[in-house]
Amino acid sequence: MSVKILADSACDLPLSFYKEHGVTLFPLQVQLNDGEYEDLVTIEPKDVYRAIREGHMPKTSQVSPLLFEETFNKMAENNEDGIYIAFSSELSGTYQTAVMILEQVKEKYPDFQLTIVDSKAASLGYGLIVKTAAAAAQSGASKEDLQKVIEFRCRNLESLFTVNDLEYLAKGGRVSKASAFLGGLLNIKPLLTVEDGKLVPIEKLRGKKKLLRRIIELMKENGTLFEMQTVGISHADDEDTALEMKKLILDELNAKEVYITSIGSAIGAHTGPGSIAIFYFKQI
């Protein structure tokens, strides 16, 4: 690739993807049971979900500033050009840290051409953007064209997700504790989206079947050309529901492809087990 693509583990793509497509990985950090781990590299999502079910609450932190510095310096020394597509700045400090480190590196290497893009996205929605960028880079696209493709995808990404237990989002400060209590008490399932990088509740539904049907309805209302795009589904240790959702999407929307991955350790630590997220594009 003439232009290198970089991404962090919050895009919830498998480790094999980075190796196969030459994408540089920046893992977020996960703290669990007095240990500190690198998301996707030294800890698996199932380890996090098992710990949560056993009553342990993992904590997370952004990508190591030292790793940014080492990677950027090496790229600058090798005169490499790149685009780092970052986890939403509204959900992590990773983007801001990367920008700060880049400014420091450019004091030493003023001609270094790395560009950092705030995806305003999370999980596999962010991952679909990275996949598109990696494919375009491998085909030899110019940096200018790559930036246009990435920005277009970021603008047109739609995200829908739900959690099995609102308590996990409440502990992370993502929803109020009162909402979490009522949701669990009444078997109410929240439906949320991401707007300008932030988590935004859309509505609450009672029961899983109603929730899945509502997701399909919203996709029909807001999506387009499903037969020409890949729809993403990420799940937190709930492959059965992901496969059920996949069948609905293929049957009712005639999607070209449905790509399923696990919600990674860093994001899963905040959503908890049983979460499901669906990602697609309004325009392609």
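Predicted model: local features only at pLDDT ≥ 70, side-chain atom pairs only at ≥ 80, totals over all residues.
Q: What is the mean pLDDT of the protein chain?
A: pLDDT is the predictor's confidence in each residue. Here the chain averages 91. A pLDDT of 70 or more is reached by 92% of its residues.

Q: Where does pLDDT stay under 50?
A: Over residues 176-183. For that stretch the model has ten contacts beyond four places in sequence.

Q: How many salt bridges does a search of the whole structure find?
A: The test is a side-chain nitrogen of Lys or Arg within 4 Å of a carboxyl oxygen of Asp or Glu. The search finds 14. One of them pairs Lys46 with Asp237, at 3.0 Å from N to O.

Q: Which parts does the pair of Lys46 and Asp237 tie together?
A: Look up the element that holds each partner. Lys46 lies in helix H2, residues 45-53. Asp237 sits in the loop between strand S11 (230-235) and helix H10 (239-253).

Q: Which residue forms a salt bridge with Lys120?
A: Asp196 does, with the closest N and O atoms 3.0 Å apart. This pair also links distant parts of the chain, 76 residues apart. Lys120 is in the loop between strand S7 (115-118) and helix H5 (123-138). Asp196 is in the loop between strands S9 (188-195) and S10 (198-206). Lys120 is partly exposed at 30%, while Asp196 is exposed at 54%.

Q: What separates Glu217 and Arg214 in helix H9?
A: About one helical turn, because they are three residues apart in that helix (residues 208-222). Glu217 is partly exposed at 39%. Arg214 counts as buried at 18%. Salt bridges with shared partners join Glu203, Arg214, Glu217 and Glu221 into one network.

Q: Is Glu158 buried or exposed?
A: Apply the cut-off of under 20% for buried. Glu158 has 15% relative accessibility, so this residue counts as buried. Glu158 belongs to strand S8, residues 157-162.

Q: Which residues does Glu158 touch, not counting those up to four places away in sequence?
A: Asn222, Ile278, Phe279, Tyr280 and Lys282.

Conventions: Residues numbered from 1 in each chain as written. Heavy atoms only, no water. Helix = DSSP H or I, 4+ residues; strand = E, 2+ residues; numbered from the N terminus. Buried < 20%, exposed > 50% of the residue type's maximum accessible area, 1.4 Å probe, protein only. Contact = heavy atoms within 4.5 Å. pLDDT = per-residue confidence, 0-100.
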